[in-house]
Amino acid sequence: MNGWNDTGRALELPARGTGDSGFEPETIAGLFADQAARTPGRSAIVAEDAHLTYAELDARSTRLATHLVSRGVRRGGIVAVAVPRSAALTVALLAVVKTGAAYLPIETDYPSERIAHMLTDAAPAVVLTTGAVRDRLPEEAENAGEGAEAARTLIVLDDPATAHALAVLPADAGALAGPLPDSPAYLLYTSGSTGRPKGVLVPHRGIVNRLLWMQDTYRLGADDRVLQKTPSGFDVSVWEFFWPLITGAVQVAAKPGGHRDPRYLAELIQEAEVTTAHFVPSMLEVFLASPEAAECTGLRRVVCSGEALPAGLRDRFRALLPAELHNLYGPTEASVDVTAWDCAEDADAPVVPIGRPVWNTRTYVLDGTLAPAPVGSSGELYLGGVQLAHGYLGRPALTAERFVADPYGPAGSRLYRTGDLARITRAGVLEFLGRTDDQIKIRGRRVELGEIEHAVSRYPTVGSAIVVAHRAPSGDTQLAAYVTDRDASEPVDLAALRDHLAAVLIDHMVPVHYTRIDEVPVTPNGKVDKKALPAPEQLEQQPGRAPRNETETALCEIFAELLGHESVTIDDNFFTLGGHSLLATRLASRIKDRLDLEMSVVSIFEAPTVAALAVRLGQDAATGPLSGLLPLRAGGTQSPLFCVHPLGGLSWPYAGIAEHLPAEVGLFGLQASGLSEGDPLPGTLEAMAAEYVARIRTVQEQGPYRLLGWSLGGRIAHAMAALLEEAGQEVELLALLDAYPQTEEAEESDFSEADFLKGILAAADLEPSALGGALNLDTVMAAVRAAGNDLAGMSADQLRRLQRVMANSYRVDARGLTGRTGSGAVMFAATTDQVGDPEDWREHLGGELEVHPVDASHNDLMRPEPLAEIGAVLAKKLAATARVDGV
């Protein structure tokens, strides 16, 4: 046992106070300060929002750290960080670390109830966020509770006042106290068996040991680029953030949500020349299935952890890519990973081991009496050494239960009971065998069934609740909930229960199956007999429409096969039926195999029903992607929102707003005439408005109507509102996205083919430098197809028609004058390139004008962060009008 755990290693640390800082060297702050002092001009971060050198990252994080200290943050405190993945997120995390406080990452797509619990439980002194996220945070982000001390400081990083405050601060870290080696570095919340998540507090000493071991073992160099794609609330993200930054390598940050899309990841790995990446095994499986994965030959090393790595997956990886593959193991309570295995060692073993302990850690396989299990026999895995967490925040009893005295280590040392079953093989390596309790892993995330059972049992009509893991025909692990009725006269509405759980649990914790049982089966000794539970049942599907064409029929069949349903309607939602991001990848692959059509994972999230996907695929001419009235989200019990195209003529960009709006609101896009062959072009803005009113009344004959328009579309929507009012109809929402009234004709702008082609590149987030030759239709479309943009599906003829439509839009825009409507409006004004005064609208409205500035450029309003900000305001407006209608 002592030989096995002979892992002692003195860390090679920089001298204290390297550079201008006085940070302790055995801290993340100290290691980064040393690296920044040695390579100030070297690239540190590549992200969508910024590219930063080490000097720039050091200066920005120091200024923010100084600002945090001025707002009361102290060593040992906690700062919550609710910022989407970006360079700004890394700046925020590093700033918190420099203050000596621990950062608490808040995943912005978590349910409000979970975020509220984390903020209440951790009681951070400060919450860092962005303007787009702020409106989605619960009130606990600014209010800590009752009493005079209840106020919590909220700092909006992209607020102009914050930017001004930071700009005048010195970039001198010497004034910062910084952390000590035993100071907490971060606080991560994991699933809790008692029904509430528990916060794990990890010190610098532990994670520094982990990072320096990793560097000694895998040797990042100046030419290495590490992909940061793991959500910040998952512990793997810690080394993705900081390992490259303490070694002189580059951190490449994936876009928010990009971790779900294997095709995007493969393209990013190639384009950004990523050399190092992490995958949970289940995500590695779908990544390798993506055709683009085989092109990622620049990868040098891939790290797996979070789930057991199957030998077959190891072999498929080795056959496809030349990179090293490493299998690591460790819980959040032990600074991410404590054992490691190089898959090149014993490369054909039928079981992939989790390896041997890393520096300054100890692993024991013990029986029920804490005696060592014989070699080859199973036992519970215990961990010891420098990487153990301080424990669970505010949970002394639970900490004492899981962190126990170490009978084999130095006096006063502790062991962590993992609850994992393992064995030491005769070859001297650890093999993972499963769990001793009800904890499972869903897509690499730890899940305590007890937490889900607690959430289910809190539903008012539920009597008893049991949640089990179920193996689906697809091979995925799915959660199945069994409930009894609290009162037989009021049976549980299983669909409503599912919707409730979706609002309070993280998506991977929401059960897929729901089964009502008369009573809970028990064994002779009174314990729940899970083996006696009936097979889990699918929720009874709501009535929906049958497929109307061959494409919808094929999609219904694919949905049913993939998700294990007997039948699917065109209105069924892929995710409501049990789909998730990994299955979405398989769905895209099956669509390609069956229909020979490309479908991105992002498109599946934006259009998750069969009907909406069929529109995206564009197989039916009547409901194709160039149709005049495009259903972006079908269904809904309330009046739909009609979105009028901008100058470009297409309403596709509005698809992203669906996720921010109430599910009861359908979403339709109005697209320009002339996109389909033979369509005439309207000569005036008034003619456009009249045609579009006729279109929407084929879907909704009577008001109240809801209209939204961006750019030229805002002016058209305003004209439509006037026409609807003339017809005696009510317009209850008129939303204008950076559109301004026009009272006199403007000079017509020239719209050349070069302007059109550059516009296509801009829509695909490409620069002219991305072309493989001169600027022409062929080179532009080759670049667009390589980027996987939605425009890649358009033919040359369709693009020529789009060019004709855009030229007409410029003419109509220049000539069209703005009239007056009796309704009010909500106006969103882009502030970084503002071209008009929102107050000018007052002369053209009979009702109130409500203006919301958006910190973005006109062309960036449909990007995720501005769109989330706009969506949050619209969601409140739509909810308010729905309440009024229901009175």
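Colleague: In what order do the seven strands of the open sheet come?
Modeller: Bear in mind it's a predicted model, where local features need pLDDT of at least 70, side-chain atom pairs count only at pLDDT 80 or more, and totals for chains, interfaces and linings use all residues. Numbering starts from 1 along each chain as its sequence is written, and side-chain values use heavy atoms, leaving out hydrogens and water. Pairing is mixed (a pair needs at least two DSSP bridges; strands are DSSP E runs of at least two residues, helices H or I runs of at least four, numbered from the N terminus), and the order is E27-E29-E28-E30-E31-E32-E33.

Colleague: Which strands stand at the edges?
Modeller: Look for strands with a single partner strand, since one side of each is then left without a neighbour in the sheet. That picks out E27 (629-633) and E33 (849-854).

Colleague: Within E32, which residue is the bridge partner of Ala 735?
Modeller: E31 (731-737) pairs with E32 (825-830) in the parallel sense, over three bridges. In E32, the partner of Ala 735 is Val 826.

Colleague: Is His 718 buried or exposed?
Modeller: His 718 belongs to helix H20 (712-726). Beyond four places in sequence, its contacts (heavy atoms within 4.5 Å) include Leu 734, Arg 820, Trp 841 and His 844. Relative accessibility is 2%, and the cut-offs are under 20% for buried, over 50% for exposed and partly exposed in between, with a 1.4 Å probe and protein chains only. So His 718 counts as buried.

Colleague: Where H2 packs with H6, how many of the contact residues are nonpolar?
Modeller: Arg 63, Leu 64 and His 67 of H2 meet Ala 165, Leu 166 and Ala 167 of H6. Nonpolar covers Ala, Val, Leu, Ile, Met, Phe, Trp, Tyr, Cys and Pro; charged covers Asp, Glu, Lys and Arg; the others, Gly among them, are polar. One is charged, one is polar, and the nonpolar count is four.
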